[in-house]
Amino acid sequence: MNAPNIIKEDNAEIPQTETRQRAWWFSKEQNFFCAQEVSDICKGFQESLDAVKQEFDSEGPFDGILGFSQGAAMVTLLCALKETQAFPYQFSFVFLIAAFQSNSKPHEALYCSTIQTPSLHVIGDTDLVIPKEMSETLLNCYLNPVVVQHPGGHYVPVSGQYKTHYLQFLQCHLKSNS
């Protein structure tokens, strides 16, 4: 699913289409997000949470959830909410690519307990959007995270060696749920 919050373009002539950039929440009132910025704001987060719940209601249940970049940060927040019973849906594992810990202060309390949900973290050594150190910091939030590092940047590596890691993780967690 796509994040529900549309990022406003400077050019008002651009039509509102599915190809517009989206966010799970904003770190500034002006509908701007910066992963590195500490903020008291998480504008749009509740709308995103409501949209995810609607997706679970209409398309679920799901064995696992995959998230990329801010979407991976959102998945981590869902894991934390699920484990405190504040998110009423179940899933067995998460697959996080270029993930990071939210710097929005309203999310701070969600990182107080170790997340038990099995997780695979894909981290790019040269990621300039979500620096490697931010993804590595998030590892401390999970119990026994599985880590796949690649020499590249902000993308999903898909060559054979990485596919093998992904398949091993998925097979392990899909078998345990059968």
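Buried means under 20% relative accessible area, exposed means over 50%, and partly exposed lies in between, with a 1.4 Å probe and protein chains only. This is a predicted model, in which local features need pLDDT of at least 70 and side-chain atom pairs count only at pLDDT 80 or more, while totals for chains, interfaces and linings use all residues. Residues are numbered from 1 along each chain as its sequence is written, and side-chain values use heavy atoms, with hydrogens and water left out.

**Whole chain**

Show the chain as a cartoon. Along the sequence their order is β-β-α-β-α-β-β-α-β-α. The radius of gyration is 16 Å, close to the 16 Å that the globule rule gives for 178 residues, so the chain is as compact as a globular protein of that length. This radius is taken over C-alpha atoms, and the rule is 2.2 Å times the number of residues to the power 0.38. Along the principal axes, the C-alpha atoms fill a box of roughly 50 × 35 × 30 Å. Of the 178 residues, 43% count as buried.

**Threonine 76**

Select threonine 76, which is in helix 2. Is threonine 76 buried or exposed? Its relative accessible area is 1%, so threonine 76 is buried. Leaving aside neighbours within four places in sequence, threonine 76 is in contact with Leu96, Tyr111, Ile115, Leu138 and Tyr142; contact means heavy atoms within 4.5 Å.

**Helix 1 against helix 2**

Select helix 1 and helix 2 together. They pack at an angle of about 75 degrees, with axes 12 Å apart. Axes are lines fitted to C-alpha atoms, for helices over the stretch in contact, and angles run from 0 to 180 degrees between N-to-C directions. On the helix 1 side, the contact is made by Phe45, Ser48, Leu49 and Val52, and on the helix 2 side by Met74, Leu77, Leu78 and Leu81.

**The core**

Next, select Trp25, Phe45, Leu78, Phe87, Phe91, Val94 and Tyr142. These have the most contacts inside the largest nonpolar core, which has 44 residues. A nonpolar core is a set of buried Ala, Val, Leu, Ile, Met, Phe, Trp, Tyr and Cys residues joined through side-chain atoms within 4.5 Å. Which helix gives the most to this core? Helix 2 does, with 9 residues. Zoom in on phenylalanine 87: apart from neighbours within four places in sequence, its contacts are Leu49, Val52, Lys53, Phe56, Leu78, Leu81 and Lys82.

Go to proline 61, in the loop between helix 1 and strand 3 (64-68). The peptide bond from glycine 60 to proline 61 is cis, with omega near 5 degrees.

Asparagine 31 is in the loop between strand 2 (22-23) and helix 1. Although not a glycine, asparagine 31 has a positive phi of about 60 degrees. With a relative accessible area of 17%, asparagine 31 is buried.

End at glutamine 85, in the loop between helix 2 and strand 4. Glutamine 85 has a positive phi of about 70 degrees and is not a glycine either. At 64% relative accessibility, glutamine 85 counts as exposed.

Note on methods
Helix = DSSP H or I, 4+ residues; strand = E, 2+ residues; numbered from the N terminus.
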